[in-house]
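Dear colleague,

I am passing a structure on to you, together with some notes for a first reading. Please look it over before you go through them.

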Amino acid sequence: PAATIIVRDRPTAELRFAVDTLQEYIRRMSGATLPIATDNAAVTGNRVLLGLPDACREAGLSVPRGIDEDGYLLCTQGADIGIVGASDRGTVNGVIGLLDDHLGVRWYVPGDDLGTVVPHATDIVLPELNETRAPSFAMRWVGEGTDWAVLNRQSCSGESLPASFRIEPGIYHTQAALLPYAQYFPEHPEYFAFGGRIRSNDPAC
C-alpha cells in the first residue's frame, strides 16, 4: 500500500467507522489494505489524515469556522490527504464524500451489496483537492437505523452510530410533551384539535 490512514489515539465510534469504511472500500477497489496508525506514530509516505489529529493541524488543515457540524474539509497537501470534519460525524461524511464524489463508490439499495457499486482500479490517484462541504439542511432521515443511511450522509442513526441531529423532547407526535392537556386545555382549548364536536386530547393530534 502507498498510503497510511492516520487517526488519533482512542478514536470515537464515529472515527472508527470512518477508518473502517475508508480501509474497506479502498481494499475492495484496489485489493490493497491501507495500514492504520495514530498521529503520534512515525510514518513515511502518503498519509490520509482523519478527524483533525495533530498531524492535520501541523499541515495547516482545519475546517472553516461556522460550518455545520456534519460538514467537512477535503484537502490534499503534498503527500497528505486531509479529511477533517467539523465533528467526528463530519469526518465520516468526509470519508464518504471522498469515496462517493471522487472515487465513484455508490450505495443505491440498503441491506446488501446488490445496490453497492465499487469501481476497480489498480492505482488510485486523486487530483489536487480543496473543498469544503456542508449539508443543505440538518434533518436527513432516510433509512434510519441502517449503515446504508450513514453511507448516504444522512443525519439519522446507523447500526452502530447515534444520530447527529435531534430535536428534544422529540420530533414526531410530541404535542403531549410540549402542551400537556391537563395544564393547557382549561385556559387554551384552541391549542387542541377540533374533532367536529369536541376538542381532542389525543397526544398524537
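Below are some notes on salt bridges and on one residue in a loop.

This is a predicted model, in which local features need pLDDT of at least 70 and side-chain atom pairs count only at pLDDT 80 or more, while totals for chains, interfaces and linings use all residues. Residues are numbered from 1 along each chain as its sequence is written, and side-chain values use heavy atoms, with hydrogens and water left out.

The whole structure holds 11 salt bridges (a side-chain nitrogen of Lys or Arg within 4 Å of a carboxyl oxygen of Asp or Glu). One of them joins Arg153 to Asp100, with the closest N and O atoms 3.3 Å apart; because Arg153 lies in the loop between helix 4 and helix 5 and Asp100 in helix 3 (residues 88–102), the pair ties together parts that are 53 residues apart in sequence (helices are DSSP runs of H or I, at least four residues, numbered from the N terminus). Both Arg153 and Asp100 are buried, meaning under 20% relative accessible area with a 1.4 Å probe and protein chains only, where exposed is over 50% and partly exposed lies in between. Through shared partners, salt bridges link Asp100, Asp101, Arg106, Glu131, Arg133 and Arg153 into one network.

Ser155 is also placed in the loop between helix 4 (147–151) and helix 5 (175–178), and with 0% relative accessibility Ser155 is buried. Its side chain reaches the backbone oxygen of Ala138 at 2.7 Å.

Key:
Helix = DSSP H or I, 4+ residues; strand = E, 2+ residues; numbered from the N terminus. Polar contact = N/O pair within 3.5 Å; in protein donor to acceptor, adjacent residues only side chain to side chain.
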